[in-house]
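Subject: Handing over a structure

Hello,

Please open it first, and then read on with it in view.

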Amino acid sequence: MIDYSSFLNHLSDTALEPWQAPLETQLEDLWRTLKDGNLPRLLSYVDALPEANTTKVSLSDIVTATGDISDTEALRTQLKNLIPWRKGPFDLFDVAIDSEWQCNMKWQRVAPHVSDLNGRHILDVGSGNGYYGWRMKAAGARTVAGIDPSWLSVVQHLAVNKYIADPSHTVLPFTLESLTPNLELFDTVFSMGVLYHRRSPLDHINELKGAIRPGGELVLETIVIPGGPNESLVPIGRYARMNNVWFLPTADTLASWLDKMGFVEIKIVDQTITTPEEQRPSDWKPGQSLENYLDPNNHQLTIEGHPAPIRATLVATKPENQRLKRYHLD
Ligand SMILES: C[S@@+](CC[C@H](N)C(=O)[O-])C[C@H]1O[C@@H](n2cnc3c(N)ncnc32)[C@H](O)[C@@H]1O
């Protein structure tokens with residue numbers, strides 16, 4: 001099991017305090033029923049990480065911790081045991097983790113359009129290993145709760161946070177659907193790269209709304225297709241070699257879905273074609289990457305002949321006067 005007590009303690013001094021007891025119960029239930037044989041092996045790599053004295057942390061494009069470490073090679077070995085590192089980049093005591101995705105590029109596209117994160121409590125749905133959470137902390141966020149059902153993501157975050165040691169930033173091993181519904185506590189909720197994995201995108205949007213406090217903000221980023229209102233693609237078979245892609249709307253369609261689910265001040269703030277500069281293989285994520293997922297003769301198409309990935313970011317507000325049915329703590 002993973003010790004989340006410092007994060008739970010952090011919650012007690014904040015507006016997220018009502019979440020503390022249900023979260024504690026949810027974690028207890030998880031540990032009691034867990035059957036995942038993979039977690040002990042992953043945690044053994046974190047246990048074997050060498051001790052260090054972190055003297056400086058820089059939460060910029062490359063999330064970096066520097067200081068004195070007893071054994072750099074042991075650090076590299078244990079971090080390599082946690083491959084693939086899809087999200088990053090990180091640099092821990094001069095071990096450069098060159099991840100598949102250059103997430104700094106997405107953050108640069110998204111961050112200018114998001115309301116000031118200073119002092120905010122944030123839920124990052126599908127957080128991966130928490131790379132973006134570090135950028136949110138650097139922007140002043142008081143709390144970043146990442147949630148991601150992938151144990152590898154959870155454990156990569158533990159490895160990084162062993163050296164950054166921030167109790168207000170965590171990655172919890174949960175899906176959005178499994179969280180206490182309608183918490184209505186978070187000032188900002190991010191969902192980046194998750195919607196196309198959801199079979200029911202409107203339910204996903206509704207669950208995001210349930211987590212946001214009245215007047216709070218949603219930042220929604222997903223793959224879209226070119227086109228106008230009311231168009232969307234449900235790819236038959238795979239999309240860019242992924243077999244878990246359901247709905248790819250146009251940006252206008254996505255905006256209309258947010259409107260339908262009751263969001264206001266909906267803005268399409270960015271649309272960017274994904275390039276091999278942003279997503280490529282590396283020593284830390286060997287094997288196939290974007291280049292292999294596109295038609296080699298026409299990068300406008302995926303290998304299956306669908307429109308190639310364009311990522312859209314939308315920002316929207318949950319109306320002040322909209323409080324949902326309250327959740328029950330017991
Ligand atoms: C494509 S990655 C995106 C990661 C990161 N947010 C980003 O934008 O780079 C999607 C992540 O969402 C997680 N995920 C999938 N379904 C989810 C769900 N129902 N609730 C929360 N996270 C989910 C996956 O485990 C994966 O780490």
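**What I found around the ligand**

A polar side-chain atom of Tyr 132 lies 3.5 Å from an oxygen atom of the ligand. Please keep in mind as you look around that this is a predicted model. On the nitrogen side, a nitrogen atom of the ligand is 2.8 Å from a side-chain N or O atom of Glu 177. How much of the ligand does the protein bury? Taken alone, the ligand exposes 600 Å², and the protein buries 86% of that.

The ligand takes up the space of the largest pocket. There are 16 residues around the ligand, and those that come nearest are Lys 106, Gly 126, Asp 148, Glu 177 and Met 192. Sorted by class, this shell has 7 nonpolar, 4 polar and 5 charged residues.

**What the record says**

An unreviewed UniProt entry places the feature "binding site" at Lys 87, Trp 101, Lys 106, Gly 126, Asp 148, Pro 149, Ser 150, Leu 176, Glu 177, Met 192, Tyr 196 and Arg 311. These positions span 225 residues in sequence, and their farthest two C-alpha atoms are 25.9 Å apart, so they do not all gather at one spot. Even so, the lining of the largest pocket includes residues from this record, among them Trp 101, Pro 149, Tyr 196 and Arg 311.

**Two loops to visit**

Glu 177 sits in the loop between β7 (169-172) and β8 (186-192). Asn 182 is found in the loop between β7 and β8 as well, and Asn 182 has a positive phi of about 55 degrees although it is not a glycine. For background, most residues other than glycine have a negative phi, and most peptide bonds are trans.

Where do the cis peptide bonds come in? One joins Ile 83 and Pro 84, with omega about 5 degrees, and Pro 84 lies in the loop between α4 (72-81) and β3 (90-92). Another cis peptide bond joins Gly 88 and Pro 89, with omega about 15 degrees. Pro 89, too, lies in the loop between α4 and β3.

Enjoy exploring, and write back with any questions.

Best wishes

Methods. Residues are numbered from 1 along each chain as its sequence is written. This is a predicted model: local features need pLDDT of at least 70, side-chain atom pairs count only at pLDDT 80 or more; totals for chains, interfaces and linings use all residues. Side-chain values use heavy atoms; hydrogens and water are left out. A residue is near a molecule or strand if one of its heavy atoms lies within 4 Å of it. A polar contact is a pair of N or O atoms within 3.5 Å; within protein, one must be able to donate a hydrogen and the other to accept it, and residues adjacent in sequence count only if both atoms are side-chain atoms. Accessible areas come from the Shrake-Rupley method with a 1.4 Å probe; for residues, only the protein chains shown count as cover. On a 1 Å grid over the protein atoms alone, a cavity is a set of points where a 1.4 Å probe fits but cannot get out, and a pocket is an open set with protein on both sides within 12 Å along at least five of seven lines; lining residues have an atom within 4 Å of a point. A molecule sits in a cavity or pocket if more than half of its atoms lie within 2 Å of its grid points. Ala, Val, Leu, Ile, Met, Phe, Trp, Tyr, Cys and Pro count as nonpolar, Asp, Glu, Lys and Arg as charged, and the others, Gly among them, as polar. UniProt positions are given in the numbering used here, feature names are shortened, and annotations may be inferred rather than shown by experiment. Helices (H or I, at least four residues) and strands (E, at least two) are DSSP runs, numbered from the N terminus.
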